[in-house]
Amino acid sequence: MMITESPTPMDQISVEKIKAAIRDIPDFPKPGILFKDITTVLRDPILFQHMTDYFYHLLKDKNIQYVVGIESRGFILGCPLAYRLGAGFVPIRKTGKLPGMVERHEYDLEYGSDIVEIHKDAIEPNARVVLIDDLLATGGTAAASSTLLKRLDVDLVSILFMIELGFLNGMEKLPKEVNTHAMITY
Ligand code: AMP
């Protein structure tokens with residue numbers, strides 16, 4: 001399949017095609033969860049490219065210096081976006097994975113808690129940053145990641161998602177002063 005350059009903003013038809021390619025897997029990873037599987041989008045070169053272009057066109061005039069991706073599907077979306085924007089890529093990881101000095105934040109899950117970490121020296125103060133993840137559910141992960149970025153004193157320009165589960169109201173947990181957007185809302 002030939003990969004074409006798409007210099008113009010993505011139209012609604014492309015978003016609908018991406019939406020149609022997302023696969024629902026019931027009861028994964030545990031009973032009661034309807035898992036949104038995006039591997040069926042990523043494996044299609046045109047859809048993958050259009051998804052990256054969609055985010056690129058939202059950000060291209062915003063002088064973004066770093067794309068921060070949340071482990072692990074935020075890496076898959078964030079890396080090609082950083083490359084396209086000419087920005088650096090910085091990972092936020094689950095605990096114990098980053099080798100250098102880290103800033104960490106623990107947050108509550110439905111049962112138990114989780115920890116996210118970022119290298120303390122990954123981003124200089126006031127740098128213009130976008131945070132990206134594949135899916136916003138309750139908002140706990142993205143809110144915790146925003147807290148880490150605040151501690152590094154960066155200029156968080158935008159928080160972006162491929163998918164938002166709107167009925168869980170995750171956006172309400174995110175900082176009010178930051179622009180937030182999801183490509184697809186259920
Ligand atoms: P939350 O902290 O509740 O907003 O959960 C967001 C994180 O969990 C993201 O990194 C998602 O990849 C993952 N996640 C939560 N719910 C789902 C779902 N229904 N399908 C796929 N991934 C999910």
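Guide: Let us begin with Ser158, whose place is in strand β8, where helices (H or I, at least four residues) and strands (E, at least two) are DSSP runs numbered from the N terminus. Before going further, please keep in mind that this is a predicted model, in which local features need pLDDT of at least 70 and side-chain atom pairs count only at pLDDT 80 or more, while totals for chains, interfaces and linings use all residues. Residues are numbered from 1 along each chain as its sequence is written, and side-chain values use heavy atoms, with hydrogens and water left out.

Ser158 counts as buried because its relative accessibility is 3%, and buried here means under 20% relative accessible area, with exposed meaning over 50% and partly exposed lying in between (1.4 Å probe, protein chains only). If we leave aside the neighbours within four places in sequence, Ser158 is in contact with Leu59, Val129, Val130, Leu131, Val178 and Asn179, contact being defined as heavy atoms within 4.5 Å. With one of these residues, Asn179, the side chain of Ser158 makes a polar contact of 2.8 Å. A polar contact is a pair of N or O atoms within 3.5 Å; within protein, one must be able to donate a hydrogen and the other to accept it, and residues adjacent in sequence count only if both atoms are side-chain atoms. Ser158 can also be placed relative to Arg128, which is 30 residues away in sequence and 9.2 Å away in space, C-alpha to C-alpha.

Val157 lies in strand β8 as well, and this residue is buried because its relative accessible area is 14%. Not counting residues up to four places away in sequence, Val157 touches Lys62, Ile64, Arg128, Val129, Val178 and Asn179. The C-alpha atoms of Val157 and Phe28 are 33 Å apart in space, and the two residues are 129 apart in sequence. Phe28 itself is joined to Pro29 by a cis peptide bond, with omega about 0°, and Pro29 lies in the loop between β1 (23–26) and β2.

From strand β8, which spans residues 155–164, we can move on to strand β7, which spans residues 128–136 and holds Asp134. Asp134 is buried because its relative accessible area is 6%. Apart from neighbours within four places in sequence, its contacts are Ile38, Arg73, Gly74, Leu77, Phe161, Met162 and Ile163.

Asp134 also leads us to the ligand, which is surrounded by 13 residues, the closest being Asp133, Asp134, Thr138, Gly139 and Thr141; a residue is near a molecule if one of its heavy atoms lies within 4 Å of it. An oxygen atom of the ligand is 2.5 Å from an N or O atom in the side chain of Thr138, and an oxygen atom of the ligand is 3.2 Å from an N or O atom in the side chain of Arg73. A nitrogen atom of the ligand, for its part, lies 3.0 Å from a backbone N or O atom of Leu34. The elements that give two or more residues to the shell around the ligand are β2 (34–37), β7 and α5 (140–151).

Thr138 brings us to Gly170, for the C-alpha atoms of these two residues are separated by 4.4 Å although they are 32 residues apart along the chain. Gly170 is found in the loop between β8 and β9 (179–185), and it is buried because its relative accessible area is 0%. Leaving aside neighbours within four places in sequence, Gly170 is in contact with Leu136, Ala137, Thr138 and Gly139.

The loop between α5 and β8 holds Asp153, where phi is near 65°, a positive value in a residue other than glycine.
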